[in-house]
Amino acid sequence: MRDLTSQNDLAELFGEREAVLLKHGAHCPISAAARDEIAALAAARPDVPIYRLEVSGQRALSDAVAERLGVAHQSPQAFVLRDGRA
């Protein structure tokens, strides 16, 4: 699992053929449960690239993802991306 912290990371995410993205809040209990589920997915499917984006610490990246995917942010959110599209 990889944390998104830069525009380069974002470009890598959108360049994957298939990937999973979790947008989450660091202090939200609902997000904590989502992080646990994504961690279980990562353990079960090590072949799937999985990315995490902590929205309060990476607001600009979160906004860029929302704009690119055309989906307003709500936390938590999980996306399955194929060729850079949800």
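Select D9 to begin: D9 is buried, with a relative accessible area of 6%, where buried means under 20% relative accessible area, exposed over 50% and partly exposed in between (1.4 Å probe, protein chains only). The model is a predicted one, in which local features need pLDDT of at least 70 and side-chain atom pairs count only at pLDDT 80 or more, while totals for chains, interfaces and linings use all residues. Residues are numbered from 1 along each chain as its sequence is written, and side-chain values use heavy atoms, with hydrogens and water left out.

D9 is placed in helix 1; helices (H or I, at least four residues) and strands (E, at least two) are DSSP runs, numbered from the N terminus. Display next the residues around D9: leaving aside neighbours within four places in sequence, D9 is in contact with R2, D3, L4 and Y51, contact meaning heavy atoms within 4.5 Å.

**The whole chain**

Now zoom out and colour by secondary structure. Three helices and four strands make up the set of elements, and along the sequence they follow the pattern β-α-β-α-β-α-β. The radius of gyration of the chain is 12 Å, close to the 12 Å that the globule rule gives for 86 residues, so the chain is as compact as a globular protein of that length. That radius is taken over C-alpha atoms, and the globule rule is 2.2 Å times the number of residues to the power 0.38. The C-alpha trace spans about 30 × 30 × 20 Å along its principal axes.

Of the contacts in the chain with a separation of 6 or more, 70% are accounted for by residues 24 or more positions apart. Buried residues make up 34% of the 86 residues.

**The nonpolar cores**

Select L4, L10, L13, F14, L21, V65 and L81. Of the 13 residues in the largest nonpolar core, these touch the most other members. A nonpolar core is a set of buried Ala, Val, Leu, Ile, Met, Phe, Trp, Tyr and Cys residues joined through side-chain atoms within 4.5 Å. Two or more residues of this core come from each of helix 1 (7-15), strand 2 (18-24), strand 3 (50-54), helix 3 (59-69) and strand 4 (77-82). Another core, of five residues, lies apart from it and includes V20, L22, I38 and I50.

Which residues does L21 touch, not counting residues up to four places away in sequence? They are L4, L13, Y51, R52, L53, V65, Q77, A78, F79 and L81.

**Helix 3**

Move to R68, which lies in helix 3. Not counting residues up to four places away in sequence, R68 touches F14 and G84. R17 is 51 residues from R68 along the chain, and their C-alpha atoms are separated by 16 Å.

D63 is also placed in helix 3. Is D63 buried, partly exposed or exposed? At 44% relative accessibility, D63 counts as partly exposed.

**Backbone details and a loop**

Follow the chain to P76, in the loop between helix 3 and strand 4. The peptide bond from S75 to P76 is cis, with omega near -5 degrees. In the segment after strand 4, select D83, whose phi is near 55 degrees, a positive value in a residue other than glycine.

Finish at C28, in the loop between strand 2 and helix 2 (29-44). C28 is partly exposed, with a relative accessible area of 24%. V65 is 37 residues from C28 along the chain, with 20 Å between their C-alpha atoms.
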